[in-house]
Amino acid sequence: MPHTRYRLFLLTVALLFFAGLPLRSEQDLHRVWAVKDARIVTLSGPPIEKGNLIIRDGLIEAVGANIPIPKDAEVIDGAKLAVYPGLMDALGQSLLKFPEEKLDMARIRAGDFTDKDRGITPGLAALDYVSLGKAVFEKYHKLGFVAGHVMPDRGVFTGRSAFFLFSDPDKNKALVLKDICLGIGFSPSSFLVYPNSLMGVHAYLKQALSDAIFFDQARSRWLKEPRGQARPDFNPNLEVLADFATARKPVIFLCRNQNDIRRSLGLTAEYKLNYYIADLGGEAFEVIPELKKAGARVLATVAFKAPGSSLYAQRGRAEREKAEKEVYPKNPARLAEAGIPFALSSLGSDDPKAFVEGIQKAIEAGLAREKAVEVLAKTPAAFFGLERALGTIEPGKIANVVLSEGDLLAKEAKVRFTFVDGRRFELKEAKPGEGEKPTVNVSGKWEMAVEGQMAMNLTIELSQEEAALSGKLITPFGAFDFTGGTVSGKDVAFEISISVGGQDLDLFFSASVEGERMRGSVVQGGAGTAEFTAKRIPG
Amino acid sequence: MKPKITAIGIAAALLSLCLSGRVSAAERAVLLKNGRIITGNGATIDGGDILVQGTKIAQVGKSLPAPAGAETIDLNGRWVMPGIIDSHSHIALEGDVNEMGDIITAEVDCKDVINPRDINIFYALTGGVTSIHTMHGSANPIGGRGIALKMRWGKSAAELIFEGAPLTSKWALGENPKNSNDIGMGPARYPKTRMGVEQSIRDQFEKAKDYMKKWADYEKKATAAKASKGKTAPPPPPKKDYRLEGVADILSGKLWVRCHAYQSEEMLSILRLCREYGVKLVCFEHGLEGYRITNELREYGVAVSTFADFWAYKWEAYNTLPQAAALCAKRGVLVALNSDDAERMRRLFNDAAKTVRFGGVSEDEAIRMLTINPAKILGVDARVGTIEAGKDADLAVFNRHPLDSFTVCEMTLVDGMVYFDRAKYLEERKKAAEEEKTKKEPEKKSGGEV
């Protein structure tokens, strides 16, 4: 009996041991891959019509027409596939998840404002708030995106960026570079605190840049010779700003329209900054001579929404929508034509899918598809100092490649595999119908209470047909129709464009439904986010 | 308050925007023939001609010969007056016109937020307005810097700026800066009394004087260090403070002060402060009770930029008269009629007519309130404000006398270029409407929206 017991014990230990082992993933089993007989767009030379690509231990080992297949390689038949460098989002923020904060109204009423209320958060680092995961990666991979440059985008000094590969949920493994750029926005505070106007933001920026340069000089003078000199006070914001104000590191101006672009060029000329223009209004085409003269590098949006300051927006909704179809999508093509270095940014696009749809619109509006691939791979790598690591298919570079059926970025293209950091991801055929099936019906009238500084009560009429949602928002400024909303599971999401005092505002609502109640948030570009609750009006 | 904007109307405005860009060439000549010219100098020339060369008026008179290659505009007996100058407005600015986050904001500058695509620039032209002064709001005792613009519709922000016009500093007294209309968000903001408003300005003057001294000392030491050829180490520079530099620019007279005020007591009080510090206070904005203190205003040489008949919208604006502008003018105070509003800007000539009707000023004086007087307040009277040789060819053409209640502005020129031509504009609008119609019809046939 003791003997049997002992064997049982051993078995248990063995089982526990195996159970405790992590499941070994494919990439651990295979570190060597060969893609055979594929069309390879390297971006480092002309495309190879029929070639092999060898990936070993995370890096590209070889690429070419007559490259032998190593014996230890797992082979993928590329006969029906095209191989591209992995695409990169040159500037995005959707991977950042900030903890939800409830606005303390007592604090606001007391005038006890923080730097965050003022939009002054240079210390905010993308690395600290990035949220990576398999589901997110899959969303990007199936569209050909394997890496992204991520930066907080709210406020005046918005925070610092980081560059990630979409390879590993562990952000420390996915990270390529951190604290690359500092975001500068022209968004005034929505509170009664300085700066709360655009002209105030401009003045504040000048003072802050000047202060940071002063701080940097005073500190280096003191470090060089502390005797006989007053020690400058430490200031955590200036500590961060010093690197960017002195052009040791680049800033990114988040420009909502062409006027912001001109303001940015003025500031960079005055303070000699190292900079990028994030053209979030899609109006760089209006400033081409100035951009050219300044030698500016542009990160262009593909959201194609006419800014409120534009004549198109002032001409009313129909004219604005027309311009958004016919004028703004030409922006990337016009930048390409003018020879202005640019990459594409997902800022302004709701999700990766919308980002790619925007890119396709830009292609339809005249941006050559080859150029699109270039500005989504080679250019962003070069912009952020990664041209030796990423952006083209060349031996020695990080193995970031996309294998697609059909030309990448074509509407009918299907991404079959991606390699990110040398790891293989296989993309399954997407099931028809994107989101979950709706489990609620929200049709009817709802009474909505928006909380926070913009507290108000609104009425909304919703009309749901399966997953599609449309309706009307009734506000003190008028009633505004919307279509194109979605219901997925018990979540609703919709966008409403409203017009207040001649300004057009886009409001994004997202909420979760529980029976007759709804709770969620509404986001308005510059003004930030507000929470809301809603209750269905019976009958 | 905003005028209703039809898509077609603006489409046409956009078209004329494109056209205005095309008409250029520095040395082209335009002869405006056979007009009734109100020169703004007291004379009216019936059947007069204006020769424009480049951007300037070359000659004003009768039967002027057209130089070779000159473009001729037949005025056909219509009226021409100097382009209207609106000395107090807030158009063509992007974002809020008030920086509410602090009480002294001398560092903020309207120049940084000019929006050249503001449709109100075009509307200004439709009312014969050729120059404006656009400025910070009245939330702060010392607000931001203002700037004079020319209504060069279609040009860039930099090109709109009235080159050479002195920059201004906007001040405000009374209810607005003491924030009496605040909505209860945040704590009460200093100052809460008229006394406090004035003191907050005085405090900044003292700070700015210290600041100026600090820099002067530094410059002196730096020069001495330079002269010592390395024997004395150069001193570290003081920290730059853009706000105090703005206040220092007020004290040095570089900025011309435009002070929002309604009541006579607060105007007198601020006059004393300005005299003490030697401030170049050029104008009270609104100044509704200015008619009570005309001697003091005249003595300091301060003008009033006001409304013809707009008052009683708040308690500090009660004690005025429809004759206020006229009374000030008759007693020798420089008076301008302003809009403070994008809509009123298009009919300032009606407001001028009211001062004739209700205040009994002469027609010439009423015209001056829209032209040379605001030009003087803005320091641009050598350039604009009258129709005479050597001045900028900024002109407004009307179908009747500009002070006639039924008059319509038909054409507006800035720098000798036609930026608004009503007949052409209406034609373009009609064409655009027709095009829109023909475009829409086939869509209807196919059924449903696209």
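Helices (H or I, at least four residues) and strands (E, at least two) are DSSP runs, numbered from the N terminus. This is a predicted model, in which local features need pLDDT of at least 70, side-chain atom pairs count only at pLDDT 80 or more, and totals for chains, interfaces and linings use all residues. Residues are numbered from 1 along each chain as its sequence is written, while chains are lettered from A and ligands numbered from 1 in the order in which they are written.

Let's start in chain A. Just after H14(A), A:Gly339 adopts a positive phi of about 70 degrees. Within helix H14 (residues 331–338) of chain A, the buried residues (20 or more other C-beta atoms within 10 Å of their own, placed from the backbone) are A:Asn331, A:Pro332, A:Leu335 and A:Ala336. They sit on the same side of H14(A) because they cover an arc of only 140 degrees around the axis, taken from the directions from the helix axis to the C-beta atoms.

Now to chain B, where two helices pack with their axes 11 Å apart. Axes are lines fitted to C-alpha atoms, for helices over the stretch in contact, and angles run from 0 to 180 degrees between N-to-C directions.

| Helix of chain B | Residues in the contact (C-beta atoms, placed from the backbone, within 7 Å) |
|---|---|
| H4(B) | B:Arg194, B:Glu198, B:Ile201, B:Arg202, B:Phe205 |
| H6(B) | B:Glu266, B:Ser269, B:Ile270, B:Leu273, B:Tyr277 |

Elsewhere in chain B, B:Leu321 lies in the loop between strand E12 (303–306) and helix H8 (324–330). B:Leu321 and B:Ala261 are 60 residues apart in sequence and 16 Å apart in space, C-alpha to C-alpha.

Note on methods: Buried ≥ 20, exposed ≤ 12 C-beta atoms within 10 Å, placed from the backbone. Contact = placed C-beta atoms within 7 Å.
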